[in-house]
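Please read them with the structure open.

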Amino acid sequence: MLLRWKRLHRCVGRYFQTMSSSEVRQSFLKFFMDRGHVHVPSSSIVPSDDPSLLFVTAGMNQFKSIILGVCGADDWRSSLRRVVNSQKCLRAGGKHNDLNDVGGDLSHHTFFEMLGNWSFGDYFKAEACQFAWEYLTEVLRLPPDRLYVTYYGDDHELSLGDDIECREIWRNLGLHPSRILRFGVEENFWVMADTGPCGPCSEIHYDFIGGRDASHLVNTSDPSVVEIWNLVFMQYNRDASGRIVSLPCRHIDCGMGFERTAAIMQQVQSNYDSDIFSPLISEISKYTSLGGYGGRIGQADIYGRDTAYRTIADHLRALCVAISDGVRPDAAGRGYVLRRMLRRAARMSSVTLQADRGLLAALVPTYTSHLARSFPEVANNAKVIEDIISLEESQFWRVVDRGERLFAEEAEKSLLKKIPFSGDIAWYLHNTHGFPIELTSMLAEERNLSIDLDRFEECRNQAKMLRRVRANDTCWRNVDTVRLCQDGMTRTCDMGKYEYAKMDDGSYVFPERQAKILAIFSKEGIRLEQLATNMEGCVVVDETIFYAEQGGQLADNGVLCSSNGEEVFVVDDVQKKDDFVFLIGHSTQDLTVETNVIQKIDLNRRLQLMRAHTGTHLLLDALRILFGPAVYQRGSLVSPDRIRFDCSLEHALSQGQIREVERVLSEVIESDQPVFTEIVPHTQLSAIQNIQSTITASLTETASNGLIRVVTINAPVNGKSARAVECCCGTHVLNTRDLGAFVVVSDRSLGSGVRRLTALTGTAARLAIEKGMELRTRLGKLNSDSHSGGELIRFEKELKSSVVPILLRDELYSSLRQLKKASLRKRRRTANETM
């Protein structure tokens, strides 16, 4: 097979000059920009407005709102007509998942680039086909006799008839009829989902060998004839009944495989032999003594070493890009996908390639340097990427060492009894010890032992049931926001949430705001014209002052009142979906659509949330002062009564470190420092000094028109004395003195390398301090007699249930232990004397 590929590549070399991958990308972008296309940079691999996707899986994802016809007039995408880009994609979870195929062949990847050109209501089939043919044959200079095209042929499933128009376009471009092939729905009809825009497509396939009729090999998975471009003609819409009708505005979506095209242009055996991967694979080989990469697959790869090379190279690329876009390894969702990839690559590096543990972290500088040529955001986050991968890798090996011992004990029992490995034990290893089921499966396979995966899934599903979403989520989650846009409803303007002021006496004023009710929904999410008295549901208004839960900050509460001041709806929660803000609660009077209401937020709750959110930024600032910029936020919850802050710290804070954190915060609070908010173009984020936020591509989608809200303390953005600089959509106090006080009340581990700190601000902090001082005074009055220890036991119970600063708590427990020891010695001495 390898000799065959070498011969065919020597033949191909007579027709065109080779190109580097960078030259391929630039030639594609330039070709379409010269033809009136706007270059739109790749979005983050984290979808900004599509909760159905774990990751961006195609170039069209960021343009979905245009295709669906729901793009708002103020959206930067609304003016686009012709677009070209190279989109970062990751197919490693959810519906589109290539994770398990990577490494086993020469074509699959988790992370890849999609070269794309689009027309939104501008040109259509003729121009799309002409552009593609011109680029392939004149720019890349691919031999025309190596190219085959397909078109949609009706197979009576859709009753649309053959796409004769497409067939004739290709004939007019000079293709021989034998190279224009007819395929059915499965190969040549594209759908976005069960309903929505859809249409026929035309694929372009390349024959590596040439000099033959390879038409019978198209769409047969033969590696010598591969698809390189798909031209999608979105001209229909399918409704819920399955009926297909013509779209009023037709679109073009063309996607070309970047890695595959680069391999063709470099005349190499596979994507992994191109300059996209070969330097990375070469770097891996420096860490093993088992030999270099040989490009073998299947049975030829006897020891699985080439599979390991491909897997590690692919997975580490994906990890670097995903982390630079803000995704962090975790136990669920996107983070779990990253963790799976990292652990799979780490185990292959050690077991298959016999490299030392820690290989992935050692490779990161080379990988980030290589990727940064195409993705500058990777360079901006190189240190963060290295720190995270190093931490995750070391954590994984600790899990492996512990889990393999437990697995071995249980596996021996199963082998002796000749029964499958217990699904309950597999779940226990996974859920309690973080030992992934994939690793359990690999170890079981090595022992020719099966696993009761059905029982494992039962355990997993039972755990999911315990983590159900809140009941009131049903209301807003079930609303079809695409339908709202199609019905002409405008998205909610919620900038009023930032309109508040501080008076001379130090009090805050949150102005009330009139609004019109645009839509009402039942608690199940069904659209209504009226909500009867004392009914639960949610409403959408045209503009609001309510803050929807976002960025870790909980939502505002409040009421809606009639024009005469009577309360008509109590707002218990606020959520945002596709830029529609849902006010969730219950009515106190009949409520109808088109009614004008007065919005009033709970002022005390909002002020507490503002204090807590500013306190969160300052907490991270203090931690970075103590431990350096490697400390980053892993998550947060900003609630009225407390701050819950997860961060990257290896060990618990010592008493001295907690004392220093509180000292830094108290100093900032007492120094009366102003809080600034500025709107900054996302292109300027990397130039901001001392920014605490991780600069990721996903930040470009957190505000309309590419503008990001940045909060700073003590000085404006890029001021020399600016501190706690963060990209943030939350609400904040206007001066640090308004925090009142700050104390840390707990510090616990969430797993290796992650700590959860709980802290209080404002009134809650003051009450905690007062409670701690009260307990200290009372403990000082107790002595070892204390009614034979009864009072000490009652005091301990009260201390355990009280919220007090962690430093005071530690002091009180220390004193209490001394009293209990003295009391025990006294009781023993008394008992001995009476014997």
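**Notes on helix packing and sheets**

1. Start with the helix pair α9 and α13: their crossing is right-handed. This is a predicted model. Helix α9 covers residues 305-324, and helix α13 covers residues 382-417. Their axes come within 9 Å and cross at roughly 120°.

2. Which residues make the contact of α9 and α13? From α9 come Leu316, Leu319, Cys320, Ile323 and Ser324. From α13 come Ile385, Ile388 and Ile389. By class, this contact has seven nonpolar residues and one polar residue. It has no charged residues.

3. Helix α9 also packs against helix α8, residues 278-285. The angle is about 115°, and the axes are 10 Å apart. The crossing of α8 and α9 is right-handed. On the α8 side, the contact is made by Leu280, Ile281, Ile284 and Ser285. On the α9 side, it is made by Tyr309, Ile312, Ala313 and Arg317. By class, there are six nonpolar residues, one polar and one charged in the contact of α8 with α9.

4. Next, the sheet of β25, β26 and β27. These three strands form an open sheet, in the order β25-β26-β27, with antiparallel pairing. The edge strands are β25 (675-681) and β27 (723-727), and each pairs on one side only. From one strand to the next, the twist averages 20°.

5. How many bridges pair β25 with β26? There are seven, in the antiparallel sense. Phenylalanine 676 stands opposite threonine 712 in β26. Strand β26, residues 707-713, is joined to β27 by three bridges, and these two strands also run antiparallel. Valine 711 has glutamate 726 of β27 as its bridge partner. Isoleucine 713 has arginine 723 of β27 as its bridge partner.

6. Is β26 mostly covered or mostly open? It is mostly covered, with six of its seven residues buried. Helix α19 (residues 603-627) lies across β25, β26 and β27. The helix runs at about 120° to β27.

7. Turn now to strand β14, residues 513-522. This strand is mostly covered: eight of its 10 residues are buried. Its pairings are worth checking one by one. Lysine 516 stands opposite asparagine 596 in β22.

8. Strand β17, residues 536-541, is joined to β14 by five bridges. The two run antiparallel. Isoleucine 520 stands opposite valine 539 in β17.

9. Strand β15, residues 527-528, has two bridges to β14, again antiparallel. Phenylalanine 521 stands opposite arginine 527 in β15. The hairpin of β14 and β15 has four residues between the strands. Which residue of this hairpin takes a positive phi? Glycine 525 does, with a value near 95°.

10. Some places to look again. For helix packing, follow α9, which makes contact with α13 through residues including Leu316 and Ile323, and with α8 through residues including Tyr309 and Arg317. For a helix over a sheet, view α19 lying across β25, β26 and β27.

Definitions and conventions. Residues numbered from 1 in each chain as written. Predicted model: local features only at pLDDT ≥ 70, side-chain atom pairs only at ≥ 80, totals over all residues. Heavy atoms only, no water. Axes fitted to C-alpha atoms, helices over the stretch in contact; angles between N-to-C directions. Left-handed = near helix turned anticlockwise from the far one by under 90°. Contact = heavy atoms within 4.5 Å. Nonpolar A, V, L, I, M, F, W, Y, C, P; charged D, E, K, R; others polar. Pairing = 2+ DSSP bridges. Buried < 20%, exposed > 50% of the residue type's maximum accessible area, 1.4 Å probe, protein only.
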